[in-house]
Amino acid sequence: MSVRLTGTVRLTVAQALVRFLAAQYAERDGDRHRLIAATWGVFGHGNVAGIGQALIEHADAMPFHQGRNEQAMVHAAVGHARQTGRLSAHAVTTSIGPGATNLVTGAALATVNHLPVLLLPGDTFATRPADPVLQQLQVPYAGDVSVNDCLRPVSRYFDRIVRPEALIPAALEAMRVLTDPAATGAVTLALPQDVQAEAYDWPAAFFADRTWRIRRSSPDEHELAAAVEALGGAARPLIVAGGGVRHSGAEEALAEFAALTGIPVACTQAGKGVLPHDHPQDVGAVGHTGTAVADHLARTADVVLGIGTRWTDFTTASGTLFGHPAPRVVNLNVVAFDAHKLAALPLVADAREGIERLHALLGPHHVAAHYVHEYTEEKLRWEARVDAAYAVPDETARPTQTQVLGVLDTLVDPTDILINAAGSLPGDLHRLWRTRSRDQYHVEYGYSCMGYEIPAAIGVLLAAPGRPVWALVGDGTYLMNPTEIVTAVQERLPLKLVILQNHGYASIGGLSEAVGAERYGTDYRLRADDGGFTGPPLPLDLGANAASLGMRVLRPRTIRDLREALADARAATDPTCVYIETETADSVSGPPPAQAWWDVPVAEISTRPSAVKAREEYDRHVTARRRHL
């Protein structure tokens with residue numbers, strides 16, 4: 001049926017929503033994309049007759065991907081949104097009950113990371129012909145509450161469509177939030193299953209193509225003047241680049257600004273890669289998982305320019321990192337809430353717009369030559385430490401985790417994309433990985449969600465067909481969420497999965513030992529006769545599991561085998577898994593260790609010597625924390 005700009009079109013609510021979503025576009029700087037590029041779904045009684053029927057009714061207009069787990073579908077949508085620079089998003093539809101509540105973790109991840117995703121959970125009957133219906137949560141004090149209300153605190157916008165005509169303003173508001181650079185995140189439209197199937201005469205104009213232009217906000221002149229004054233008078237300035245640089249597409253502006261001013265650039269997890277590793281001003285990761293050079297510069301910086309960062313505890317080393325007697329912080333951020341953190345001089349603006357204005361007003365200002373020489377030499381020393389961590393003295397040995405990264409480092413080029421989220425790998429990657437392109441490094445550390453990697457890789461593959469996409473996971477993370485391997489097989493996507501088998505939760509195991517909890521409950525071991533977890537490792541074969549889900553599995557045992565297997569996987573056109581048991585050491589991540597502290601409170605009193613010693617170390621570190629006022 002052709003859509004006219006006048007008159008009405010009779011469709012069900014679900015059909016109208018699918019038609020509306022297919023006509024929405026996002027545009028920034030002339031780059032135009034389908035705003036809702038596809039819909040993911042797991043069907044149940046709460047959405048199969050509504051959204052499910054609408055998707056097949058309008059299959060020519062809305063691509064569909066079949067998921068296996070509701071949380072994983074959101075992760076896939078988030079991976080797609082990040083890869084497209086937030087210019088395109090996916091919708092996710094679920095049934096009521098557990099299907100809807102399974103969305104909560106993914107929604108929180110999207111909102112924390114300011115990445116757009118549209119959630120369309122089914123809901124219980126609006127007309128209440130039977131009460132309760134299957135999977136309904138009955139709340140004695142409120143008849144209008146359903147499990148979908150769990151999504152309110154993790155959504156940037158939430159509405160429940162209890163009448164057909166209410167869809168029109170709600171759908172428009174949803175698109176506004178999805179394309180708002182300061183407010184985007186998870187958007188939820190809860191859809192009662194009876195309303196989904198109800199017919200209505202819709203204005204034809206509702207289905208006309210609509211373009212949502214993503215604005216670039218300019219800085220306030222007074223805020224800009226204060227920022228220029230602070231930076232112009234700095235002797236040891238440092239830039240901390242966060243994910244907002246990537247979201248703004250400000251990488252080139254930052255590279256030019258850093259090169260012409262000589263100001264070194266450190267990066268958060270979300271900001272890593274905004275400068276390539278060999279840019280003269282790139283000093284690598286900052287914070288608890290930072291490099292020695294970046295953390296030293298942070299401790300001695302008199303002015304810190306944060307660009308697009310939320311200043312999490314990992315970035316600030318729990319408030320202990322910036323050690324100058326009177327450091328001045330300037331925050332360039334499109335979100336005013338973040339721009340005011342650390343008692344900073346706020347510069348509320350789009351990252352690219354703000355960088356370009358700062359650049360123009362600072363003019364020929366350049367930091368002193370001795371400062372450039374200092375961080376350049378420190379960067380060379382750090383690179384030598386990375387080389388040592390990657391070194392392979394024996395090709396016939398079983399690799400350490402860092403050696404796996406080192407072998408992969410020799411095989412990739414700027415087209416490769418690495419995806420990770422949790423465990424010990426984020427620390428190793430942040431400190432060691434040498435990024436070659438602005439979108440090669442994809443580590444979700446805003447929420448650090450185990451199980452993110454495999455579905456996110458699928459979303460990235462859909463957004464960047466033809467590029468090698470690697471999902472790097474430990475055994476603990478793999479066991480959290482392997483189900484979307486089936487989706488990769490079904491969609492014939494050449495996912496490259498690397499499973500590092502180290503027999504437990506390596507990152508938390510190390511942390512447990514450091515805080516006096518003695519690795520309790522962090523290893524995958526058979527129970528011993530005394531009931532403790534001191535037996536041999538569990539006889540797990542995660543490679544066999546991946547194979548049972550449809551992947552081709554390679555099983556290298558040595559570093560030489562690993563080199564061949566990774567090269568094979570990179571060239572593969574089918575989903576391929578490299579399953580490798582890593583060598584464990586005193587520090588599972590291998591050298592170098594953390595360069596800054598992270599606050600995990602330790603028991604103030606204990607009868608166990610390990611906890612007493614850990615508390616003494618904690619008390620020593622916590623005295624360095626400062627409040628920025």
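This is a predicted model: local features need pLDDT of at least 70, side-chain atom pairs count only at pLDDT 80 or more; totals for chains, interfaces and linings use all residues.

Residues are numbered from 1 along each chain as its sequence is written, and side-chain values use heavy atoms, with hydrogens and water left out.

Let's start with D194. You'll find D194 in helix α7, residues 193-196; helices here are DSSP runs of H or I, at least four residues, strands are runs of E, at least two, and both are numbered from the N terminus. D194 is buried but has no salt bridge. Buried means under 20% relative accessible area, exposed is over 50%, and partly exposed is in between, with a 1.4 Å probe and protein chains only. A salt bridge needs a side-chain nitrogen of Lys or Arg within 4 Å of a carboxyl oxygen of Asp or Glu. The nearest side chain of opposite charge to D194 is R128, 8.6 Å away; for charge, Lys and Arg count as positive, Asp and Glu as negative, and His and the chain ends are not counted.

So what does the side chain of D194 make a polar contact with? With the side chain of T127, at 2.6 Å. A polar contact is a pair of N or O atoms within 3.5 Å; within protein, one must be able to donate a hydrogen and the other to accept it, and residues adjacent in sequence count only if both atoms are side-chain atoms.

Next up, H58. H58 sits in the loop between α2 (48-57) and β5, and is buried at 8% relative accessible area. Leaving out neighbours within four places in sequence, H58 is in contact (heavy atoms within 4.5 Å) with L11, Q15, V18 and R19. H58 and A16 are 42 residues apart along the chain, and their C-alpha atoms are separated by 9.8 Å.

Now some backbone. The peptide bond from D131 to P132 is cis, with omega near 10°, and P132 lies in the loop between β7 (117-123) and β8 (157-160). D29 isn't a glycine, yet its phi is positive, near 55°; D29 is in the loop between β2 (24-28) and β3 (31-34).

Last one: E518 also has a positive phi, about 55°, without being a glycine. E518 is in the loop between α21 (506-514) and α22 (542-548), and counts as partly exposed because its relative accessibility is 38%.
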